[in-house]
Amino acid sequence: MISTTVVSLRERPIWDPAALTAEALQWPGRHRHPLPLRDLARSLLPDGWVEHDVPVITPASLDPVGGGVRKRSRKYRGAAFQVGSQERSLRAGDLLVPMNPDLPLLLLRPEHVGSLVSSTFLALRPHGGLSLWIWAVLTSRTGRQFRAHLAVGSAGRSTTKAALLDLEIPVPPLAKAGVTDERLLAIERGTHREEEEAGGTWWRTADLTAGDWSIALATPNPDVLDLGIPLGDLCGEITRGRAVPREDYREAPEPGLLAVTDIAVLGGKPVRRWVPLEPRPPVIAYPGDLFVAAVGARPHAVVATGETAVDRNLFVLRLRDPALGPAVAHYLNGQTGYGLRQVLLTGDFIPGMRKDNLARLPVPAEALGFTGGAEPLVPLDIQLEHALWD
């Protein structure tokens with residue numbers, strides 16, 4: 001959704017990549033008069049310090065796919081904000097902007113009162129009721145791309161607070177503000193989630209004499225893996241997808257080709273690869289099958305809606321009762337299923353799921369009673385992209 005222009009480098013004393021890139025970008029839509037973020041909100045300074053083992057909202061606490069706070073950290077030490085009612089403290093309606101452009105913003109709500117927040121966020125108090133709008137613009141797919149452009153030339157792919165405050169963003173016309181806010185508010189409510197409990201300390205005693213060492217080190221209560229029906233018992237087959245050599249796939253659909261479903265597709269991106277059925281038959285998913293990510297920390301459990309080839313970074317689960325697909329996907333993407341998935345992940349640098357561990361993951365009988373639909377998991381940035389610019 002970003003359209004770019006050519007920037008002249010003549011007669012410029014300083015070629016700052018972030019500043020030059022910011023000038024070259026244009027927001028989509030008909031917002032003709034963008035204003036610097038510093039003119040739309042006041043930045044706030046931290047008012048406390050964290051030295052003890054207490055839960056703190058840090059950028060790593062944010063869910064990069066669905067938004068909201070997933071898990072607070074007890075390892076943070078340093079300057080911090082406190083969410084309260086005092087003038088110097090943060091309060092409901094303020095915004096937390098992470099320096100990592102791949103993370104969403106957090107709009108503080110009344111239930112955050114009493115929380116501690118890392119000073120690594122840029123904390124803003126927007127003017128004139130613009131909190132929801134700024135949250136949506138900078139969290140949208142285009143907003144993330146703008147923030148990523150500001151990180152050009154910086155170490156660790158992070159922006160600076162000064163560059164963010166200089167970023168010009170559009171302001172909605174008054175005639176459309178009310179209608180837009182209703183849509184954005186509905187999306188923001190979808191980020192409200194039950195948080196995982198932060199661990200009490202970085203060490204504990206673990207019994208390594210019985211069972212899998214990795215499980216014993218991952219959780220102080222391995223018995224939770226026996227409280228439910230093993231996922232493998234619900235499946236007639238669990239198969240990992242197959243790698244597609246570059247010479248075998250096509251980048252445009254043609255007759256006789258199958259679309260390839262990968263993690264990016266489950267995250268809401270369009271299909272970008274198609275493969276033939278011969279000479280190397282792919283692993284194929286059919287409507288009613290269940291996709292589960294084989295790599296990464298996010299569940300990304302999605303029910304298949306059509307016939308498709310399966311990428312090697314996905315498992316395809318063929319349930320004995322396909323009608324249970326929406327319930328199992330809902331559980332795996334939910335709070336309890338996500339926590340159990342973390343326990344079963346392996347790998348130090350790129351976390352991944354083994355087939356035997358996935359089959360072991362317990363599903364409570366009551367979770368199978370879920371009667372909601374099998375709606376695809378649409379990332380927060382894409383939801384906001386459609387609500388803002390379409």
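Trp27, Phe146 and Trp389 form one aromatic cluster in this predicted model, where local features need pLDDT of at least 70, side-chain atom pairs count only at pLDDT 80 or more, and totals for chains, interfaces and linings use all residues. Residues are numbered from 1 along each chain as its sequence is written, and side-chain values use heavy atoms, with hydrogens and water left out.

A search of the whole structure turns up two aromatic pairs (rings of Phe, Tyr and Trp, the last by its six-membered ring, with centres within 6.5 Å; planes under 30 degrees apart count as stacked, over 60 as edge-to-face and the rest as tilted). Trp27 and Phe146 have ring centres 3.9 Å apart and planes at 20°, so this pair is stacked. Trp27 sits in the loop between strand E2 (25-26) and strand E3 (35-36) and Phe146 in helix H4, so the pair ties together parts 119 residues apart in sequence. Helices (H or I, at least four residues) and strands (E, at least two) are DSSP runs, numbered from the N terminus.

Trp389 belongs to helix H13, so here the pair with Trp27 links parts 362 residues apart in sequence. Both Trp27 and Trp389 are buried.

Trp389 also turns up in a helix contact: in H13, Leu380, Asp381, Leu384, Leu388 and Trp389 meet Trp133, Trp135, Ala136, Val137 and Thr139 of H3, with contact meaning heavy atoms within 4.5 Å.

Definitions and conventions:
Buried < 20%, exposed > 50% of the residue type's maximum accessible area, 1.4 Å probe, protein only.
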